Amino acid sequence: SATTSWPPPSLTVNAEMIVDECEFAEISAMDRPLLAPIHMAALLFLGETVHARHLWRRTEERNNEILNDWWEVGKRMMEGKNVSEALDRCRQHPAPLNNYANEVAAQQPKKKNPSQQTPQEIISFLETKRWNV
């Protein structure tokens with residue numbers, strides 16, 4: 001079934017359904033505003049970077065600045081790089097895409113900066129390594 005509104009206000013309710021609806025709209029040639037960027041954001045929310053890359057390759061909206069910004073997030077995810085700066089650009093997009101950027105950011109694994117570790121954590125790590133050779 002279709003979402004109750006377009007564009008969907010949030011990815012968190014049912015991102016899989018949003019992806020399905022975007023794919024259906026794409027093959028049906030339905031006119032949906034921001035279809036490719038919303039599709040890309042939903043795929044990235046789900047961690048489906050390979051599918052996002054395929055969407056990027058097949059879309060005719062490659063000159064779309066909004067889609068380019070979302071694809072930059074996808075590329076960084078695929079490369080294991082920090083996506084914060086790329087998501088900051090997406091936060092400048094019109095609603096609801098700006099909200100999607102926050103939702104995608106919340107799905108990203110949190111990496112602890114080694115410089116933020118307490119001395120006790122560092123000592124504990126070093127002691128563990130010393131005895132587990």
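**View 1. Surroundings of Leu44 in the predicted model.** Beyond its neighbours within four places in sequence, Leu44 is in contact (heavy atoms within 4.5 Å) with Thr49, Ala52, Trp70, Val73, Gly74, Met77 and Val104. The model is predicted: local features need pLDDT of at least 70 and side-chain atom pairs pLDDT 80 or more, whereas totals for chains, interfaces and linings use all residues. Residues are numbered from 1 along each chain as its sequence is written, and side-chain values use heavy atoms, without hydrogens and water.

**View 2. The largest nonpolar core.** Leu44 belongs to this core of 34 residues and, with Leu11, Met40, Trp70, Val73 and Leu87, touches the most other members. A nonpolar core is a set of buried Ala, Val, Leu, Ile, Met, Phe, Trp, Tyr and Cys residues joined through side-chain atoms within 4.5 Å; buried means under 20% relative accessible area, exposed over 50%, and partly exposed in between (1.4 Å probe, protein chains only). Helix α2 gives the most to this core, with nine residues. Helices are DSSP runs of H or I with at least four residues, numbered from the N terminus.

**View 3. The buried side of α6.** Leu97, Tyr100, Ala101, Glu103, Val104 and Ala105 of α6 are buried. Their cover includes α2, α4 and α5.

**View 4. An aromatic pair.** The whole structure holds one such pair. The ring centres of Trp56 and Trp71 lie 6.1 Å apart with planes at 15°, so the pair is stacked (Phe, Tyr and Trp rings, the six-membered ring for Trp, pair with centres within 6.5 Å; planes under 30 degrees apart are stacked, over 60 edge-to-face, the rest tilted). Trp56 in α3 and Trp71 in α4 are 15 residues apart, and both are buried.

Notes: Helices (H or I, at least four residues) and strands (E, at least two) are DSSP runs, numbered from the N terminus.
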